[in-house]
Amino acid sequence: MTIETKQATKEIIRNFILDSINIPNLSDDDNLFESGIVNSLFAVQLMTFIEKSFSIEVTMDDLSMDNFESVNATSSFVERKQNHNQ
Amino acid sequence: MISLLTENQKAHYEEFKEFIKANVEPYASKWDYNQEMPDDFISLLAKSGYLGSNIPTEFGGKGWDFVTFGLLNEAVGRGISSLTDLLTIQAMVSMTLLKWGSKEQKDRWLNPLAKGEIIGAFALTEPNVGSAIQNLETSFKKKGNNYILNGRKRWTSYGEKADLFLVFGKDEDKSMACLLPKDSPGLEISPIKNMMGFRAAHMAQLNFHDIEIPESNIVGKPGFALSHVASIGLHYGRISTSCSASGLLRACFEESVIYSSQRKIGKKLVGDEGMIRTLIARMGTDLHAASLLCYSACKAEDEHTSNVYEKVQMAKYFTSRAVVRAASDAVQIQGANGCHESSPAARYYRDSKIMEIIEGTTQIHERMLGKTFVEKAAKLIKAKI
């Protein structure tokens, strides 16, 4: 994944989060769940969004907050899944 | 709504309606009265593939799209709500396993679920815990490679008939879910009779006494059972319930129109009265809106769009409230006749209220949708400032 592609992935994820919840800004390392920014339903929405947007499937083995806790974490997870699928 | 369907979906819908007309409608009142969904009819349903309609063909299901699944639920809902409850819980367990089950769990359980050889049940609600599922009292305690399950579940649809339970609880602060076969030592199943509605849905209370759960029966991962596992199950439950409520709404509408065009008040037909037409106008318009919302929700599921949860919640919220109004009006149109069990309107009235309770109450939907709409509106307003 090129640097440009990584940035694009982050932007897509960041925009989805910002479009979905009412916060003024979001740093790429902000912890979404610990800070209470989002609820549990949003976790499933975010999962569905990245599955659709990046043509990946989130499975039981991927269930770890480390994969979804922030924009950076989610972006890295997407990158790993895409590399794995190639 | 029909005009939005593909030819294949239309053909399936006609097949479903014919099946219900022949095999359900003549017996629905009897099943409701006896509080019994006969085993031979469940076998017929299974043989038709309707219990695995949305499970992929690789696991023995029909692999139909969710619009077709919605049409099936609508058609069945027209016949009797207790039966759609069976489709609901079968889909909740199957689709949850499909998403979060291990390979071994999928290989073992999905095929018999798809073929209707076994019935699944979703054991979430407890005597002391309804909507606030984060407060579950059912406990999982780690013991070697196993977990020990203790606790109680209540209002478990088809709990009396189920062969496999998807049970939710907690290990300290971590939410847990597991598969529990019916023959597990320590599982006690007590039927609950005399429900107001869904009387043939074989409701049960489950008691768990020191049941050993092998780690291989845990679904998902500890800590994710409520946020991810239950959420997926409830999502599919809402799709099924929305469409079921839409089918019940159609039943209320059709029953009211037929009654109004036959029953006379003096020399006039009931349907000639403006006040009755007002009720039917509202019912017919609600029916059309419900159909479109259900179609939109099912289509979003087929397209796997990220707003699918919101669309499904809207469909569930609207249809369950609309059918309560419609069933009340259907009884009102029939007067005393509608208050007696010889009229299906009485059953529709009792069943309709349950729609507002199951898979998230009306108030829970208002909280979720209200939050979504307010946050979206707030962002739009900020963008304009």
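Which residue takes a positive phi in the hairpin of S2(B) and S3(B)? In this hairpin, which has two residues between the strands, the residue is B:Gly144, with phi near 65 degrees. The structure is a predicted model, in which local features need pLDDT of at least 70 and side-chain atom pairs count only at pLDDT 80 or more, whereas totals for chains, interfaces and linings use all residues. Residues are numbered from 1 along each chain as its sequence is written, and chains are lettered from A and ligands numbered from 1 in the order in which they are written.

The model scores ipTM 0.85 and pTM 0.94. Confidence per residue is given as pLDDT, the predictor's own estimate on a range from 0 to 100. Chain B has a mean pLDDT of 96, and 100% of its residues reach 70 or more. For chain A the average is 86, with 95% of the residues scoring at least 70. Within chain A, H1(A) has the lowest confidence, with a mean of 87, and H3(A) the highest, at 92.

Secondary structure was assigned from DSSP runs, numbered from the N terminus, with helices (H or I) of at least four residues and strands (E) of at least two. Chain B contains eleven helices and nine strands. Its C-alpha trace spans about 80 × 65 × 40 Å along the principal axes. For the 385 residues of chain B, a compact globule would have a radius near 21 Å, and the value of 21 Å for the chain agrees.

Strand S2 (residues 139–143) of chain B runs antiparallel to S3(B), to which five bridges join it. Here B:Lys143 has B:Asn146 as its bridge partner. Strand S3 (residues 146–156) of chain B also pairs with strand S7 (residues 204–214) of chain B, in the antiparallel sense and over eight bridges. In that pairing, B:Tyr147 is partnered by B:Ile213, and B:Thr156 stands opposite B:Ala204.

Helix packing was described with axes fitted to C-alpha atoms, for helices over the stretch in contact, and with angles from 0 to 180 degrees between N-to-C directions. Helix H8 (residues 274–303) and helix H9 (residues 308–334) of chain B pack at about 155 degrees, their axes lying 9 Å apart. H8(B) is therefore roughly antiparallel to H9(B) (under 35 degrees counts as roughly parallel, over 145 as roughly antiparallel, 65 to 115 as roughly perpendicular and the rest as oblique). The crossing of these helices is left-handed, a term used if the near helix is turned anticlockwise from the far one by less than a right angle, with clockwise giving right-handed. The contact of H8(B) with H9(B) has 17 nonpolar, three polar and five charged residues (nonpolar: Ala, Val, Leu, Ile, Met, Phe, Trp, Tyr, Cys and Pro; charged: Asp, Glu, Lys and Arg; polar: the others, Gly among them).

Chain A has three helices and zero strands, in the order α-α-α from the N terminus on. Its radius of gyration is 12 Å, close to the 12 Å that the globule rule gives for 86 residues, so chain A is as compact as a globular protein of that length. Helix H1 (residues 3–20) and helix H3 (residues 71–85) of chain A pack at an angle of about 130 degrees, with axes 9 Å apart. H1(A) is therefore oblique to H3(A), and their crossing is right-handed.

Definitions and conventions:
Pairing = 2+ DSSP bridges. Rg over C-alpha atoms; globule rule 2.2 N^0.38 Å.
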